[in-house]
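This report describes a single chain and then the surroundings of one residue within it. The sequence and the structure come first.

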Amino acid sequence: MASSDRIPTNLRTLLILEVLGRSDQPMTATEINDALGLPKQTVHRLCATLEQNGFIARIGSSKKYQVARRLRELGSGLLHNSRDHIVRRQILKELANRVGETVNYVIPEDEGMRYLDRVETDWAFRIQLPIGTNVPFHCTASGKCFLASLPTRQQESLVENLNLKAMTKQTHVSADTLLEELADIRRQKYSLDSEEFLDGMIALAVPVTDANGRFIASIAMHGPTQRLSQDLLVSQVDLIQNAASRLSKVLFSE
């Protein structure tokens, strides 16, 4: 990068985060600096500071960095507080009106999937999961949608280390069966929760991706089995995927 010696320190930190955030793979400080051309010692020092404060993290004992909890929370907070969240809300409201059930905007975090936004159905009988609720990866439509988006090795490693707690009789408690379903989800581009998280509730989720096709969030629809069936959920896939595509364009268009 030209005139790197004149870049203020605080901007150098943001540039490091930008490079790492755009990468599909963890990066070493040297690889980060290849994109920036800053003094080598400066990049190593700033990476160490970011790691100490929870914005980036190294993978095990390797020298490769990936984004960590505080940076993910910063990113989701910026998206939530931007003007774009108004458009997101309108897209969710329109979708909820068309499908006639509750729809949710759900993001991955360390402890599972978190409900960042939702539009409730008008039905008196409904299943409420408040905004801010965290739910497991392995037994929810949004969580399995996220898991299916991961590169194979990362997916297998995460699944092997998840606590596959049985929430209902339908919950995956075997890594092998969960991985088999994740392969199906990747092919069909949507995921189902067939009473795996709560008895009497089913759900469908599709991914919201960035401009590079990377998973950012899920849009999910859920409701009680007294009113919904899997066939009825699947019949709404095109509507939900269209909403996800529109939302991606809103969030990540130049």
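The sections below go from the basis of the values to the whole chain and then to one residue.

## Basis

The model is predicted, so that local features need pLDDT of at least 70 and side-chain atom pairs count only at pLDDT 80 or more, whereas totals for chains, interfaces and linings use all residues. Residues are numbered from 1 along each chain as its sequence is written, and side-chain values use heavy atoms, with hydrogens and water left out.

## The chain as a whole

The chain holds 10 helices and 8 strands, taken as DSSP runs (H or I of at least four residues for helices, E of at least two for strands) and numbered from the N terminus. Its radius of gyration is 20 Å, close to the 18 Å that the globule rule gives for 254 residues, so the chain is as compact as a globular protein of that length; the radius is taken over C-alpha atoms, and the rule is 2.2 Å times the number of residues to the power 0.38.

Of the 254 residues, 44% are buried, meaning under 20% relative accessible area with a 1.4 Å probe, protein chains only.

## The setting of His 172

His 172 lies in the loop between helix H7 (152-161) and helix H8 (175-188), and is buried, with a relative accessible area of 14%.

Its side chain makes polar contacts with the side chains of Thr 177, at 2.9 Å, and Glu 181, at 2.5 Å; such a contact is a pair of N or O atoms within 3.5 Å, where within protein one must be able to donate a hydrogen and the other to accept it, and residues adjacent in sequence count only if both atoms are side-chain atoms. Leaving out residues up to four places away in sequence, His 172 touches His 138, Leu 164, Thr 177, Leu 178, Glu 181 and Glu 196, where contact means heavy atoms within 4.5 Å.

Terms used: Buried means under 20% relative accessible area, exposed over 50%, partly exposed in between (1.4 Å probe, protein chains only).
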